[in-house]
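Trainee: I would like to go through this model with you, one feature at a time.
Mentor: Go ahead, and ask for a value or a name each time.

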Amino acid sequence: MRARLRTVLLGAALLAGLPAVAVHAADRLTVAWSPARPTVGDVAWIHVRDVSAGAVLAGSVGDRALAFFPYDGGQAALVGFDLDTRPGMLGWRIAVQEPGRPPRLAEGSVPVGRRDFAVQRLTLPTGMVDLDPETERRALAETDRMQAVYRTVTPERLWRGSFVRPVAGTVPGTGFGSRRVINGKPRSPHSAIDYAVDRGTPVVAVNAGRVALLGDFFFPGRLVILDHGLGLHTLYFHLDTVAVIDDERVERGRIIGTVGSTGRATGPHLHFGALMGGARIDPAVLLQLRLRE
(Lines give C-alpha, C1' and ligand atoms only; values in the text may rest on other atoms or scores of the structure.)
Protein backbone atom coordinates (compact mmCIF):
# COMPACT_ATOMS: atom_id res chain seq x y z
CA MET A 1 0.00 0.00 0.00
CA ARG A 2 2.88 2.37 0.77
CA ALA A 3 4.32 1.78 -2.68
CA ARG A 4 0.96 2.58 -4.26
CA LEU A 5 0.69 5.76 -2.17
CA ARG A 6 4.14 6.87 -3.33
CA THR A 7 2.98 6.27 -6.90
CA VAL A 8 -0.09 8.46 -6.38
CA LEU A 9 1.98 11.26 -4.85
CA LEU A 10 4.58 11.07 -7.61
CA GLY A 11 1.81 11.21 -10.20
CA ALA A 12 0.27 14.28 -8.63
CA ALA A 13 3.66 16.00 -8.61
CA LEU A 14 4.13 15.05 -12.25
CA LEU A 15 0.80 16.54 -13.29
CA ALA A 16 1.41 19.75 -11.36
CA GLY A 17 4.91 20.24 -12.75
CA LEU A 18 4.45 19.19 -16.37
CA PRO A 19 4.68 22.20 -18.70
CA ALA A 20 2.32 22.70 -21.61
CA VAL A 21 4.51 21.48 -24.49
CA ALA A 22 3.89 20.14 -27.98
CA VAL A 23 3.31 16.37 -28.00
CA HIS A 24 4.66 14.38 -30.96
CA ALA A 25 2.33 11.88 -32.61
CA ALA A 26 4.45 8.93 -31.43
CA ASP A 27 4.06 10.10 -27.82
CA ARG A 28 0.31 10.70 -27.85
CA LEU A 29 -1.85 8.84 -25.37
CA THR A 30 -4.88 6.82 -26.41
CA VAL A 31 -7.69 7.87 -24.05
CA ALA A 32 -11.24 6.48 -24.18
CA TRP A 33 -14.30 7.53 -22.16
CA SER A 34 -17.20 5.28 -21.18
CA PRO A 35 -19.78 6.62 -21.64
CA ALA A 36 -18.53 9.17 -24.15
CA ARG A 37 -21.23 11.66 -23.12
CA PRO A 38 -21.89 11.39 -19.37
CA THR A 39 -24.66 13.34 -17.66
CA VAL A 40 -24.89 15.12 -14.32
CA GLY A 41 -24.74 12.56 -11.49
CA ASP A 42 -23.07 9.86 -13.60
CA VAL A 43 -20.07 7.76 -12.73
CA ALA A 44 -17.98 7.15 -15.85
CA TRP A 45 -14.57 5.69 -16.45
CA ILE A 46 -11.58 6.80 -18.46
CA HIS A 47 -9.19 4.27 -20.01
CA VAL A 48 -5.61 5.06 -20.99
CA ARG A 49 -4.75 2.17 -23.26
CA ASP A 50 -1.13 2.52 -24.26
CA VAL A 51 0.66 2.62 -20.90
CA SER A 52 2.15 -0.13 -18.76
CA ALA A 53 0.67 -1.31 -15.49
CA GLY A 54 3.72 0.14 -13.72
CA ALA A 55 3.49 3.60 -15.26
CA VAL A 56 2.85 6.58 -12.98
CA LEU A 57 -0.35 8.36 -14.03
CA ALA A 58 -1.92 11.49 -12.62
CA GLY A 59 -4.93 13.31 -13.89
CA SER A 60 -7.92 15.48 -13.18
CA VAL A 61 -11.37 16.15 -14.55
CA GLY A 62 -12.41 19.67 -13.70
CA ASP A 63 -11.07 20.20 -10.18
CA ARG A 64 -11.30 16.54 -9.14
CA ALA A 65 -8.21 14.35 -9.10
CA LEU A 66 -8.21 10.89 -10.69
CA ALA A 67 -6.95 7.67 -9.09
CA PHE A 68 -5.76 5.12 -11.66
CA PHE A 69 -5.51 1.33 -11.53
CA PRO A 70 -4.11 -1.25 -13.99
CA TYR A 71 -6.79 -2.39 -16.41
CA ASP A 72 -6.98 -4.23 -19.75
CA GLY A 73 -3.52 -3.51 -21.10
CA GLY A 74 -3.39 0.01 -19.70
CA GLN A 75 -4.79 1.94 -16.76
CA ALA A 76 -8.24 3.27 -15.89
CA ALA A 77 -9.93 5.58 -13.38
CA LEU A 78 -13.50 6.15 -12.27
CA VAL A 79 -14.85 9.68 -12.67
CA GLY A 80 -17.75 11.11 -10.70
CA PHE A 81 -19.89 13.99 -12.01
CA ASP A 82 -21.43 15.57 -8.94
CA LEU A 83 -25.12 16.25 -8.54
CA ASP A 84 -24.43 19.98 -8.87
CA THR A 85 -22.09 19.77 -11.88
CA ARG A 86 -22.88 22.45 -14.44
CA PRO A 87 -23.76 20.90 -17.83
CA GLY A 88 -21.36 21.67 -20.66
CA MET A 89 -17.76 20.96 -21.60
CA LEU A 90 -15.53 19.93 -18.70
CA GLY A 91 -11.77 19.88 -19.15
CA TRP A 92 -9.56 16.93 -18.32
CA ARG A 93 -5.80 16.37 -18.19
CA ILE A 94 -3.64 13.27 -17.80
CA ALA A 95 0.14 13.00 -17.38
CA VAL A 96 2.16 9.78 -17.67
CA GLN A 97 5.68 8.94 -16.62
CA GLU A 98 7.28 5.66 -17.68
CA PRO A 99 10.90 4.52 -17.32
CA GLY A 100 13.06 5.29 -20.31
CA ARG A 101 10.82 7.81 -22.01
CA PRO A 102 9.86 11.47 -21.52
CA PRO A 103 6.63 12.45 -19.74
CA ARG A 104 3.51 12.31 -21.89
CA LEU A 105 0.43 14.48 -21.63
CA ALA A 106 -3.13 14.25 -22.88
CA GLU A 107 -5.73 16.99 -22.55
CA GLY A 108 -9.27 17.45 -23.72
CA SER A 109 -12.87 18.13 -22.75
CA VAL A 110 -15.78 15.83 -22.07
CA PRO A 111 -19.39 16.93 -22.71
CA VAL A 112 -21.53 16.65 -19.57
CA GLY A 113 -25.22 16.42 -20.37
CA ARG A 114 -28.08 18.08 -18.53
CA ARG A 115 -30.37 16.08 -16.26
CA ASP A 116 -33.72 17.19 -14.89
CA PHE A 117 -34.70 16.19 -11.37
CA ALA A 118 -38.09 15.86 -9.75
CA VAL A 119 -39.36 18.00 -6.87
CA GLN A 120 -40.29 16.01 -3.77
CA ARG A 121 -42.53 17.56 -1.13
CA LEU A 122 -42.43 16.08 2.37
CA THR A 123 -44.14 16.85 5.66
CA LEU A 124 -42.22 15.92 8.81
CA PRO A 125 -42.56 16.68 12.53
CA THR A 126 -41.20 20.13 13.33
CA GLY A 127 -38.64 18.69 15.76
CA MET A 128 -37.01 16.72 12.93
CA VAL A 129 -36.66 19.77 10.69
CA ASP A 130 -36.21 22.88 12.84
CA LEU A 131 -33.50 21.70 15.21
CA ASP A 132 -32.81 23.02 18.68
CA PRO A 133 -29.22 24.30 19.20
CA GLU A 134 -27.96 21.12 20.87
CA THR A 135 -29.37 18.84 18.18
CA GLU A 136 -28.04 21.13 15.47
CA ARG A 137 -24.54 20.94 16.97
CA ARG A 138 -24.85 17.15 17.05
CA ALA A 139 -26.00 16.98 13.44
CA LEU A 140 -23.17 19.26 12.26
CA ALA A 141 -20.55 17.19 14.12
CA GLU A 142 -21.93 14.00 12.59
CA THR A 143 -21.83 15.55 9.12
CA ASP A 144 -18.18 16.51 9.70
CA ARG A 145 -17.37 12.90 10.60
CA MET A 146 -18.95 11.65 7.37
CA GLN A 147 -17.27 14.32 5.25
CA ALA A 148 -13.88 13.30 6.69
CA VAL A 149 -14.53 9.76 5.45
CA TYR A 150 -15.54 10.97 1.99
CA ARG A 151 -12.29 12.95 1.70
CA THR A 152 -10.23 9.83 2.35
CA VAL A 153 -8.68 8.25 -0.74
CA THR A 154 -7.46 4.76 0.11
CA PRO A 155 -4.64 4.08 -2.38
CA GLU A 156 -5.67 0.44 -2.89
CA ARG A 157 -8.56 -0.65 -5.13
CA LEU A 158 -10.70 -3.00 -3.04
CA TRP A 159 -13.65 -3.41 -5.43
CA ARG A 160 -13.58 -5.72 -8.44
CA GLY A 161 -15.93 -6.29 -11.36
CA SER A 162 -19.65 -5.59 -11.27
CA PHE A 163 -21.71 -4.14 -8.43
CA VAL A 164 -24.78 -5.86 -6.97
CA ARG A 165 -28.02 -4.46 -5.59
CA PRO A 166 -27.90 -3.68 -1.86
CA VAL A 167 -31.32 -5.36 -1.37
CA ALA A 168 -32.98 -8.27 -3.15
CA GLY A 169 -35.67 -7.69 -5.77
CA THR A 170 -36.13 -5.97 -9.09
CA VAL A 171 -37.90 -2.72 -8.15
CA PRO A 172 -35.41 0.12 -8.75
CA GLY A 173 -34.39 2.64 -6.15
CA THR A 174 -35.85 6.10 -6.61
CA GLY A 175 -35.35 9.74 -5.69
CA PHE A 176 -31.78 10.57 -6.72
CA GLY A 177 -31.35 14.29 -7.25
CA SER A 178 -34.91 15.21 -6.28
CA ARG A 179 -35.17 18.75 -5.00
CA ARG A 180 -36.75 18.38 -1.59
CA VAL A 181 -39.25 20.78 -0.10
CA ILE A 182 -39.78 19.88 3.56
CA ASN A 183 -42.66 21.53 5.42
CA GLY A 184 -42.82 24.10 2.64
CA LYS A 185 -39.11 25.07 2.72
CA PRO A 186 -36.51 24.12 0.06
CA ARG A 187 -33.79 21.81 1.37
CA SER A 188 -30.67 20.11 0.01
CA PRO A 189 -31.27 17.74 -2.93
CA HIS A 190 -31.58 14.04 -2.23
CA SER A 191 -28.18 12.61 -3.09
CA ALA A 192 -29.08 8.90 -2.91
CA ILE A 193 -31.75 6.44 -3.99
CA ASP A 194 -34.35 4.91 -1.68
CA TYR A 195 -35.51 1.30 -1.69
CA ALA A 196 -38.96 0.99 -0.10
CA VAL A 197 -38.68 -2.52 1.36
CA ASP A 198 -39.84 -4.18 4.57
CA ARG A 199 -38.16 -3.71 7.91
CA GLY A 200 -35.63 -6.49 8.48
CA THR A 201 -34.79 -6.98 4.80
CA PRO A 202 -31.09 -7.94 4.54
CA VAL A 203 -28.74 -5.26 3.19
CA VAL A 204 -25.55 -6.39 1.44
CA ALA A 205 -22.29 -4.74 0.39
CA VAL A 206 -22.55 -3.85 -3.29
CA ASN A 207 -18.87 -4.67 -3.79
CA ALA A 208 -15.79 -5.52 -1.75
CA GLY A 209 -14.60 -2.86 0.63
CA ARG A 210 -13.76 -1.86 4.18
CA VAL A 211 -16.10 -0.57 6.88
CA ALA A 212 -15.04 3.07 7.15
CA LEU A 213 -17.74 4.33 9.53
CA LEU A 214 -20.48 2.98 11.76
CA GLY A 215 -22.83 5.25 13.64
CA ASP A 216 -26.27 6.05 14.97
CA PHE A 217 -26.71 9.62 13.77
CA PHE A 218 -29.58 12.07 13.96
CA PHE A 219 -30.46 12.30 10.26
CA PRO A 220 -29.23 8.99 8.75
CA GLY A 221 -29.93 6.85 11.83
CA ARG A 222 -27.93 3.64 12.06
CA LEU A 223 -25.49 3.65 9.19
CA VAL A 224 -22.67 1.83 7.50
CA ILE A 225 -20.25 3.56 5.12
CA LEU A 226 -17.97 1.35 3.03
CA ASP A 227 -14.67 2.47 1.53
CA HIS A 228 -14.04 0.61 -1.74
CA GLY A 229 -10.67 2.24 -2.38
CA LEU A 230 -9.41 4.93 -4.76
CA GLY A 231 -12.01 7.43 -3.54
CA LEU A 232 -15.18 5.33 -3.97
CA HIS A 233 -17.59 5.10 -0.99
CA THR A 234 -21.08 3.65 -0.60
CA LEU A 235 -23.59 4.65 2.11
CA TYR A 236 -26.32 2.60 3.81
CA PHE A 237 -28.65 4.68 6.04
CA HIS A 238 -31.69 4.15 8.33
CA LEU A 239 -30.65 0.59 9.20
CA ASP A 240 -32.50 -1.38 11.87
CA THR A 241 -29.51 -3.58 12.70
CA VAL A 242 -25.83 -3.62 11.76
CA ALA A 243 -23.89 -6.85 11.17
CA VAL A 244 -20.32 -5.58 10.71
CA ILE A 245 -17.65 -3.99 12.88
CA ASP A 246 -15.47 -0.95 12.33
CA ASP A 247 -12.59 -1.43 9.86
CA GLU A 248 -13.83 -4.89 8.84
CA ARG A 249 -13.11 -6.05 5.30
CA VAL A 250 -16.24 -7.30 3.53
CA GLU A 251 -16.76 -9.07 0.22
CA ARG A 252 -19.39 -8.30 -2.41
CA GLY A 253 -22.77 -9.64 -1.29
CA ARG A 254 -21.88 -9.83 2.41
CA ILE A 255 -24.82 -8.94 4.70
CA ILE A 256 -23.93 -5.73 6.54
CA GLY A 257 -27.27 -5.02 8.23
CA THR A 258 -31.04 -4.90 7.84
CA VAL A 259 -33.50 -2.27 6.64
CA GLY A 260 -35.11 -0.04 9.25
CA SER A 261 -36.46 3.46 9.82
CA THR A 262 -33.93 4.91 12.25
CA GLY A 263 -32.97 8.59 12.07
CA ARG A 264 -35.12 10.99 10.07
CA ALA A 265 -37.29 8.55 8.14
CA THR A 266 -41.02 8.39 7.49
CA GLY A 267 -41.01 4.59 7.29
CA PRO A 268 -38.80 1.54 6.66
CA HIS A 269 -36.54 1.96 3.65
CA LEU A 270 -32.88 1.82 2.64
CA HIS A 271 -31.22 5.10 1.73
CA PHE A 272 -28.36 3.99 -0.54
CA GLY A 273 -25.80 6.55 -1.65
CA ALA A 274 -22.45 6.64 -3.42
CA LEU A 275 -19.62 9.13 -3.78
CA MET A 276 -16.68 9.02 -6.19
CA GLY A 277 -13.83 11.31 -5.25
CA GLY A 278 -16.27 13.28 -3.11
CA ALA A 279 -18.72 13.69 -6.03
CA ARG A 280 -22.28 12.65 -5.24
CA ILE A 281 -23.18 10.16 -7.96
CA ASP A 282 -26.34 8.26 -8.86
CA PRO A 283 -25.99 4.83 -7.22
CA ALA A 284 -28.20 3.30 -9.91
CA VAL A 285 -25.52 4.21 -12.49
CA LEU A 286 -22.84 2.66 -10.26
CA LEU A 287 -24.81 -0.60 -10.19
CA GLN A 288 -24.81 -0.62 -14.00
CA LEU A 289 -21.06 -0.12 -14.26
CA ARG A 290 -19.44 -2.97 -16.17
CA LEU A 291 -15.72 -3.52 -15.78
CA ARG A 292 -14.03 -6.91 -15.85
CA GLU A 293 -12.63 -8.40 -12.65
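**Aromatic pairs, backbone and pocket**

Trainee: How many aromatic pairs does the count come to by the ring rule?
Mentor: Keep in mind that this is a predicted model. Rings of Phe, Tyr and Trp pair if their centres lie within 6.5 Å. By this rule the count is eight aromatic pairs.

Trainee: Is the pair of F69 and W159 stacked, tilted or edge-to-face?
Mentor: The pair links distant parts of the chain, with F69 in strand 5 and W159 in the loop between helix 2 and strand 10, 90 residues apart. The ring centres of F69 and W159 are 5.6 Å apart. Planes over 60 degrees apart count as edge-to-face. The planes of F69 and W159 are at 80°, so the pair is edge-to-face.

Trainee: What class does the pair of W159 and F163 fall into?
Mentor: The centres of these two rings, W159 and F163, are 5.5 Å apart. Planes under 30 degrees apart count as stacked and over 60 as edge-to-face, with the rest tilted. For W159 and F163 the angle is 35°, so the pair is tilted.

Trainee: Is W159 buried or exposed?
Mentor: Buried means under 20% relative accessible area. The relative accessible area of W159 is 1%, so W159 is buried.

Trainee: Which residue lies over the face of W159?
Mentor: W159 belongs to a cluster that ring pairs form with W45, F69, Y71 and F163. A charge lies over its face, at 4.7 Å from the ring centre, and the residue is R157.

Trainee: Where is the proline of the cis peptide bond between S34 and P35?
Mentor: The bond joining S34 and P35 is cis, with omega about -5°. The place of P35 is in the loop between strand 1 and strand 2.

Trainee: Is L230 buried or exposed?
Mentor: L230 has a positive phi of about 55° although it is not a glycine. It is found in the loop between strand 15 and strand 16. With a relative accessible area of 5%, under the 20% cut-off, L230 is buried.

Trainee: Which element gives the most to the lining of the largest pocket?
Mentor: About 1300 Å³ of space lies in this pocket. Its lining has 42 residues, and S188, P189, F219, R264 and H271 lie nearest the centre. By class, the lining has 21 nonpolar, 13 polar and eight charged residues. With eight residues, the element that gives the most to the lining is helix 2.

Definitions and conventions
Residues are numbered from 1 along each chain as its sequence is written. This is a predicted model: local features need pLDDT of at least 70, side-chain atom pairs count only at pLDDT 80 or more; totals for chains, interfaces and linings use all residues. Side-chain values use heavy atoms; hydrogens and water are left out. On a 1 Å grid over the protein atoms alone, a cavity is a set of points where a 1.4 Å probe fits but cannot get out, and a pocket is an open set with protein on both sides within 12 Å along at least five of seven lines; lining residues have an atom within 4 Å of a point. Grid points are joined across faces, edges and corners, and a volume is the space filled by probe spheres set on the points. Helices (H or I, at least four residues) and strands (E, at least two) are DSSP runs, numbered from the N terminus. Ala, Val, Leu, Ile, Met, Phe, Trp, Tyr, Cys and Pro count as nonpolar, Asp, Glu, Lys and Arg as charged, and the others, Gly among them, as polar. Rings of Phe, Tyr and Trp (its six-membered ring) pair if their centres lie within 6.5 Å; planes under 30 degrees apart count as stacked, over 60 as edge-to-face and the rest as tilted. Buried means under 20% relative accessible area, exposed over 50%, partly exposed in between (1.4 Å probe, protein chains only). A charge sits over a ring if NZ of Lys or CZ of Arg is within 6 Å of the ring centre and within 35 degrees of the ring normal.
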